[in-house]
Amino acid sequence: MRFQDSPELAAWRAQVRAFVDEHWRAGAPAEDEEESPFEAPQDEERVKRWLDRLAENGWIAPAWPKKYGGADMSVLEQFVLSQELHEAGAPTSRQMLNLVGPTIMLHGTEEQKAEHLPPMLRGEVAWCQGFSEPGSGSDLASLQTRAVRDGDEYVVNGQKIWTSGAHRADWMFMLVRTDPDAPKHRGISYLLVDMRSPGITVRPLINMANGHVFNEVFFEDVRVPVRNRVGEENRGWYVGTTTLDFERSNIARAITARKNVERMAKYVRGRTAAGAPVAPAYRLEVADRAVETAVCELLSFVVISVQARGGVPNMEASMCKMYGSELSQRIALTKMHLTGMAGQLRAFGEPERVLGRSAALEYMQVVPATIAAGTSEIQRNIIATRGLGLPRG
């Protein structure tokens, strides 16, 4: 593993930094350095202009081939780009772009590519993912939403849950069961569904932080053209696995964690300078979190090293995801310890403001971190069986 950039990567990093300075940092409104990423508002017009700039360079989809509007970057170039954008706090992509996009690219028809990829890059269409169901989360292959073929259409009935952004989505990529008699992994198909289709109902799921991200989506005799199927009928599980394979690098999580710990350390120093030092046990807790964020970054380097050698990170990606999501919860708990009773408030004065006004909000928002994108239990199973060679129970 190399921690120093090669001359070529160093030049690339300098190019990215110059681009970020010119198009993201220059002319930006004064930002509060202490603002927590869990509550910091962003100017939607500024974000759109920035993402359009990325798209013009192909950087919004760096792994995509140039013929589809990407930049065809190497994995190390992508890693450096991601590092620099997240260090600057700049948005990196449009929602679901790097999930459904590569899947259509690899398995879709030419007509599907022409219809969906260009507007996806331009940010003209919002997507959501229809995978999880009330009884099918960790065991996704047990999903029961049915699609029955009727001529040139499928008739879809069932329910999806925890559907992020469904209330704003124009399209959904989803898994449905098209052969109920086949083994559970072999009777599934992958469909692209227009969310304006008759028979679709979206209901909000408000989380404990009073936020609306998740939804439940009901399908009642929804008709989907067969031409919207990606890949072969009953082979959708393997198409869906391609989608999941693009959720890999967690350098963004590591950088976010480090910045969060830096804010906590600054808070501790400020309290000490003000003559109201934080208890020694909590100072040591911040030190533990600082060490753990360094480990989190190192795990991201492990993943990118595997990819740079031409390998496919498997248990390495699971280690990175599990460690990072559990770390985010430990950081939120430490923040609550530091702020004490004041941390339960949404707005308060100095010196607690140095952590943003979000200790309680962050504490609630990170609860699903060990569930979304694969539970910690599933990640531990992958590490045990594929990494350590342990037998299945």
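**Helices and loops in a predicted model**

Hi everyone, let's start just after H7, where glycine 275 takes a positive phi of about 80°. Please keep in mind that this is a predicted model.

Now to helix H7 itself, residues 251-273. H7 has 23 residues and spans 33 Å from its first C-alpha to its last, close to the 33 Å expected at 1.5 Å a residue. Which residues of H7 are buried? They are Ile251, Ala254, Ile255, Ala257, Arg258, Asn260, Val261, Arg263, Met264, Tyr267, Val268 and Arg271. As for partners, these buried residues pack against H3, helix H8 (280-308), H9 and H10.

H3 has another neighbour to show you. Two packed helices are described by the angle between their axes and the distance between the axes. For helix H1 (residues 7-25) and helix H3 (residues 75-87), the axes come within 10 Å and cross at roughly 35°. The crossing is right-handed. On the H1 side, the contact involves Leu9, Trp12, Arg13, Val16, Arg17, Val20 and Arg25. They meet Leu76, Glu77, Val80, Leu81, Gln83, Glu84, Leu85 and Glu87 in H3. By type, the residues of this contact divide into eight nonpolar, one polar and six charged.

Next, H11, which covers 376-387. The buried residues here are Ser376, Gln379, Ile382, Ile383 and Ala384, and they pack against helix H9 (315-339). Just after H11 comes glycine 389, with a positive phi of about 70°.

In the loop between helix H10 (359-365) and H11 sits alanine 369. Is alanine 369 buried or exposed? Its relative accessibility is 16%, so it counts as buried. Leaving aside neighbours within four places in sequence, alanine 369 is in contact with Lys321, Ser325, Ser328 and Gln329. Leucine 338 lies 31 residues away from alanine 369 along the chain, and their C-alpha atoms are separated by 21 Å.

Aspartate 72 is not a glycine, yet has a positive phi of about 55°. Its place is in the loop between helix H2 (44-57) and H3, and with a relative accessible area of 51%, aspartate 72 is exposed. Asparagine 234 is not a glycine either, and has a positive phi of about 70°. You'll find asparagine 234 in the loop between strand S8 (229-230) and helix H6 (236-245). Its relative accessible area is 18%, so asparagine 234 is buried.

How values were computed:
Residues numbered from 1 in each chain as written. Predicted model: local features only at pLDDT ≥ 70, side-chain atom pairs only at ≥ 80, totals over all residues. Heavy atoms only, no water. Axes fitted to C-alpha atoms, helices over the stretch in contact; angles between N-to-C directions. Helix = DSSP H or I, 4+ residues; strand = E, 2+ residues; numbered from the N terminus. Left-handed = near helix turned anticlockwise from the far one by under 90°. Contact = heavy atoms within 4.5 Å. Nonpolar A, V, L, I, M, F, W, Y, C, P; charged D, E, K, R; others polar. Buried < 20%, exposed > 50% of the residue type's maximum accessible area, 1.4 Å probe, protein only. Expected span 1.5 Å × (residues − 1).
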